[in-house]
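The paragraphs below go through a structure from a single side chain out to whole chains. Please keep the sequence and the model in view while reading.

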Number of protein chains: 2
Amino acid sequence: MKQRVYRTELTPVSFLQRSALIFPEKTAIIHEGRTYTYREFAERVNRLASRLRALGLRKHERVAFLCPNTPALLEAHYAVPAAGGILVAINNRLSSSEVDFILHHAGCSFLFVDHELAHLVATVDLTGIQTIHIQDTGLADDPYEQFLAAGSPEPVESWLADEEETISINYTSGTTGNPKGVMYTYRGAYLNALGIVIETQLNSNSVYLWTLPMFHCNGWCFTWAVTAVGATHICLRQLNPAQVWDILDREGVTHYNGAPTVHIFLVNHAKAHRLARPATVAIGGAPPSPTLLAQMKQFNIHPLHLYGLTETYGPNTVCAWQPEWDTLSEDEQARLRARQGQVHTTAGQTQVFGPTLEEVPRDGQTMGEVMMRGNTIAKGYYENEAATSQAFEGGWFHSGDIGVWYSDSYIELRDRAKDIIISGGENISTIEVEQTIVQHPAILECAVIAIPDGMWGSAPKLL
Amino acid sequence: MKQRVYRTELTPVSFLQRSALIFPEKTAIIHEGRTYTYREFAERVNRLASRLRALGLRKHERVAFLCPNTPALLEAHYAVPAAGGILVAINNRLSSSEVDFILHHAGCSFLFVDHELAHLVATVDLTGIQTIHIQDTGLADDPYEQFLAAGSPEPVESWLADEEETISINYTSGTTGNPKGVMYTYRGAYLNALGIVIETQLNSNSVYLWTLPMFHCNGWCFTWAVTAVGATHICLRQLNPAQVWDILDREGVTHYNGAPTVHIFLVNHAKAHRLARPATVAIGGAPPSPTLLAQMKQFNIHPLHLYGLTETYGPNTVCAWQPEWDTLSEDEQARLRARQGQVHTTAGQTQVFGPTLEEVPRDGQTMGEVMMRGNTIAKGYYENEAATSQAFEGGWFHSGDIGVWYSDSYIELRDRAKDIIISGGENISTIEVEQTIVQHPAILECAVIAIPDGMWGSAPKLL
């Protein structure tokens, strides 16, 4: 393809190149007492990429990382695509056999593994997989640092020919069968990251704390979004609420993310207090309760409710705030904010459909399946044509989530398709029951499941 | 091309569709006592697009608008691409013969002309050009409103097959020869608009005042950027400083833009005062003096210095603020901010090259030509192969601007290539001389030109 002046393939690698050019001396990464500037971040990425190439990495070969939220995993998000490989960031809460499945299903030729997670691959056959251990010390004798030291600080030549090539594969576990490898493209990663920058108002003064796992949808694309604006990443090996509160204060954190559970633990911790600097905090992964949303605001933590799945690069919809809601009661505000909302700026379309792909009425009551399409939808499942055809049938991604659609276009989840309880012929949404129960001040979290019932067929049970 | 779930062509038309979905009742446009919500904005655009189709518009036909900053011209930025046409927003300060040239060179099949500018086409042969007059009253008897009334409020089917199709042609006048038609793509318009949203921190609470002409690089892509976040546009037929100060206060304006001249008139007006709500204001089109930049900050107007050309969709570089500059003197801060800086997030690369496309040293002294490439560079000149080949030679767009490059990667313009004064064999930058002169408090603006000189060949003269 002839190089055209007005065409460059979209790639999040360009975000780091730009920030290293414009903010070379700015702190890019903070981690356990060490810091890296953007110049150092870029140089480490170049070293990692060139070393992978020198060790024989070919285009589109899979490179696995099994790590907590460390600088190494962040560096992988730039170095692996810069080298032309495909990043496989493995969920570090999986079992050894699941990790084994992923490494071999993806056909990884490299594995970088943190010392705390090495036990997960101790019994795995790693024949043919070059394995590098990470001590996460940043010191010269750390095998990972030795790996970088053997690389070149200069950038490698890009092999990217088409922005629709695969940048990463994120394995997602259903309730049945083996994990499926969700393929992200360079284009989708770039665009979803920009959508996130815009929705969360990230800028070069932002300080982002890694409470969300980076392996989870590539950290909802915040791995790329934070760098795109030259903001600061604070890594975090594990989620210790007391430590999180200390860091929020000490570093002036402006943004962090997590599932409702993370936020529940934080706001109910003994160290919880009103922050001096306001923080914008995205909640996703499960619907937050109105109770939680109301709690967070008291601590100067401004919740932004996002919704998405691994197949949507993480955040797909956002519950955008409407000015006229300002005058409503706190309860009513929290109820409105607990809805999943609508697509962010670079996402495509998200709708609620009935069984024959017809839109359900926007009445806030009629349930249907949430479906999406657009540039921030995954390319398919790696080496799994059957699952791909099924999930993308009819030109839409079938999320498997059941929701309703309001007259203001906002969607609200009712359940996963499989979690709807059919009791006495009626659909019962476990989420609705759960949201009602957690309004009681003595209850932090709860779950409602279906149990067999002689009279009703199924009945809801509170755990 | 088969419809793929994960691929949608990038188009700024999607920004309006999304904002109309999510913010239907929010004020999208304010103009002389009338307002349109996002629902109304989208409906008017649909009407304009469907009426153009009904009157025979074919794909890629050119549709000219000759208007001040009115709702009609803003609507054209969505309706013409939605209909599949190419927008030609004509500079309303041109002469009748230049307008004539553009209408016929572009081969426009439609012309929408504001009542105040009708005289510019009074003597032009409009055979074959369907001409619609705009009274800009918003009333039912306005010919433009009648045109909309005859259209359908429903969206037309998109004909866009490739995001690299041309969305608009912006004619730019050099000092010699006929104007050249700079072609923008859907992709470039979409990406430059997002870059602008990020740099200027536009969000759904923003209020944007149209002090910058919309015909100028499609309003530096703010026509699309403001809509992308569901912010409010305030139109403005003419730039009256007293009126601008009234609107800034009354509407709580958060953003407006202009060339240095615009800002000089504003900050030196009798009504100038410190704004209650801070405004972020982009300056571009010519290098602002450090004097002006320092003045603006006193009024709670935060200048963002941008640089670009018609061929870069307007803004291409931004003088990004560095935290360590906060401690410098006001003068030093203004001097640093007067530099053109480096590329915004979605722009590609901007460099300073010597005669054989080699980078000049980053010493802040060696002059070279500023050159760019990337997704936000124009596709070429419409029906002008010779000019296109010349300007895009060697894989870079040759800006014709002469600049230097500092060790921190920021560029600074010294002059247009043709404006450098060679006096006694030495290069004299007219900009450097001008910037020095305007530091005197009695001088608002000045220009330095070359005059013939018996001893030195040329010599600088102050006007």
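The side chain of B:S168 makes a polar contact with the side chain of B:N218 at 2.9 Å. A polar contact here is a pair of N or O atoms within 3.5 Å; within protein, one must be able to donate a hydrogen and the other to accept it, and residues adjacent in sequence count only if both atoms are side-chain atoms. The model is predicted: local features need pLDDT of at least 70, side-chain atom pairs count only at pLDDT 80 or more, and totals for chains, interfaces and linings use all residues. Residues are numbered from 1 along each chain as its sequence is written, chains are lettered from A and ligands numbered from 1 in the order in which they are written, and side-chain values use heavy atoms, with hydrogens and water left out.

B:S168 belongs to strand 7 of chain B, residues 166-172. Strands (E, at least two residues) and helices (H or I, at least four) are DSSP runs numbered from the N terminus. With a relative accessible area of 0%, B:S168 is buried; buried means under 20%, exposed over 50%, and partly exposed in between, using a 1.4 Å probe and protein chains only. Beyond four places in sequence, the residues in contact with B:S168 include B:I86, B:L87, B:V182 and B:W224, where contact means heavy atoms within 4.5 Å.

Leaving aside neighbours within four places in sequence, A:Q135 is in contact with A:H115, A:D142 and A:P143.

Next comes the nonpolar interior. In soluble globular proteins, nonpolar side chains tend to be buried together. A nonpolar core is a set of buried Ala, Val, Leu, Ile, Met, Phe, Trp, Tyr and Cys residues joined through side-chain atoms within 4.5 Å. The largest one has 195 residues, of which A:F65, A:F112, B:F65 and B:F112 touch the most other members. Among the residues that B:F65 touches, not counting those up to four places away in sequence, are B:L48, B:L87, B:F112 and B:I134.

Chain A is divided into domain 1 (13-416) and domain 2 (420-462), with bounds from an automatic or database domain assignment. Their C-alpha centres lie 31 Å apart. The two domains bury about 1100 Å² between them, 57% of it on carbon and sulfur atoms; buried area is the accessible area (1.4 Å probe) that two parts lose on being put together, summed over both. A:I264, A:R414 and A:D415 supply 40% of the area that domain 1 buries against domain 2, more than any other three residues.

How much area do chain B and chain A bury between them? The value is about 4000 Å², 56% of it on carbon and sulfur atoms. B:V5, B:Y6 and B:R18 supply 18% of the area that chain B buries against chain A, more than any other three residues. B:R18 is also one of the buried residues of helix 1 of chain B. Seven of the 10 residues of that helix (residues 13-22) are buried, so helix 1 is largely enclosed by the rest of the structure. Its cover includes helix 6 (186-200) and strand 15 (342-343) of chain A.

Chain B can be laid on chain A with an RMSD of 0.0 Å by a turn of 180° and a shift of 0.0 Å along the axis. The two copies are thus related as by a two-fold rotation axis; superposition is by least squares on the C-alpha atoms of residues with pLDDT of at least 70 in both. Because 100% of the interface residues of chain B are also interface residues in chain A, the copies meet through the same surface.
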